[in-house]
Amino acid sequence: MSALFNLQSLLLVILLLICTCAHVHQIFPAILDRNKNGLMGVFWKSARIGERLSPYMSLWCLFMAGSIFLSS
C-alpha cells in the first residue's frame, strides 16, 4: 500500500523528511541554504520546521514510535 493512502505512513514520511532535513542542515548548511526557492525549497523549509519546532518534533517522534509499536 502506498504511503499516500495510509495516514500513519504519510505522517511517518513527513516526520522523517523533517528530521533528515534538519540534521543535514545542521551538518552541511550551505547545501540547503542555496536552494531556498523552487522544488528544492521544500527541503529548506522542512529543515526550518525541524529546527524551530525541535521539542514538538521530539514528542511527535515518540508518539509515532509508540503508535507503530502498538499497531504491529
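Contact here means heavy atoms within 4.5 Å, and helices (H or I, at least four residues) are DSSP runs numbered from the N terminus, as are strands (E, at least two). The model is predicted, so local features need pLDDT of at least 70 and side-chain atom pairs count only at pLDDT 80 or more, while totals for chains, interfaces and linings use all residues. Residues are numbered from 1 along each chain as its sequence is written, and side-chain values use heavy atoms, with hydrogens and water left out.

**Helix 3**

Select residues 41-52, which form helix 3. The expected span of a helix is 1.5 Å times one less than its number of residues. For the twelve residues of helix 3 that gives 16 Å, and the end C-alpha atoms are 16 Å apart, which agrees. Now pick out Gly 41, Trp 44, Ser 46, Ala 47 and Gly 50, which are buried (under 20% relative accessible area; exposed is over 50% and partly exposed is in between, with a 1.4 Å probe and protein chains only). Their cover includes helix 1, helix 2 (29-33) and helix 4 (54-71).

**Helix 1 against helix 3**

Axes are lines fitted to C-alpha atoms, for helices over the stretch in contact, and angles run from 0 to 180 degrees between N-to-C directions. The pair is therefore roughly perpendicular (65 to 115 degrees; under 35 is roughly parallel, over 145 roughly antiparallel and the rest oblique). On helix 1, select Leu 17, Ile 18, Cys 21, Ala 22 and His 25; on helix 3, the contact uses Phe 43, Ser 46, Ala 47, Arg 48, Ile 49, Gly 50 and Glu 51.

**His 25**

Centre on His 25 in helix 1. This residue is buried, at 8% relative accessible area. Beyond its neighbours within four places in sequence, His 25 contacts Leu 32, Asp 33, Ala 47, Arg 48 and Glu 51.

**The cysteines**

Next show the cysteine sulfurs. Zero disulfides are found in the whole structure (a disulfide is a pair of cysteine sulfur atoms within 2.5 Å). Cys 21 is buried at 6% relative accessibility, and its sulfur lies 9.5 Å from the closest cysteine sulfur, that of Cys 19, too far for a bond. For Cys 61, partly exposed at 31%, the closest cysteine sulfur is also in Cys 19, at 3.9 Å, again too far for a bond.

**Ala 65**

Finish at Ala 65 in helix 4, which is partly exposed at 47% relative accessible area. Its C-alpha atom is separated by 28 Å from that of Met 40, 25 residues apart along the chain.
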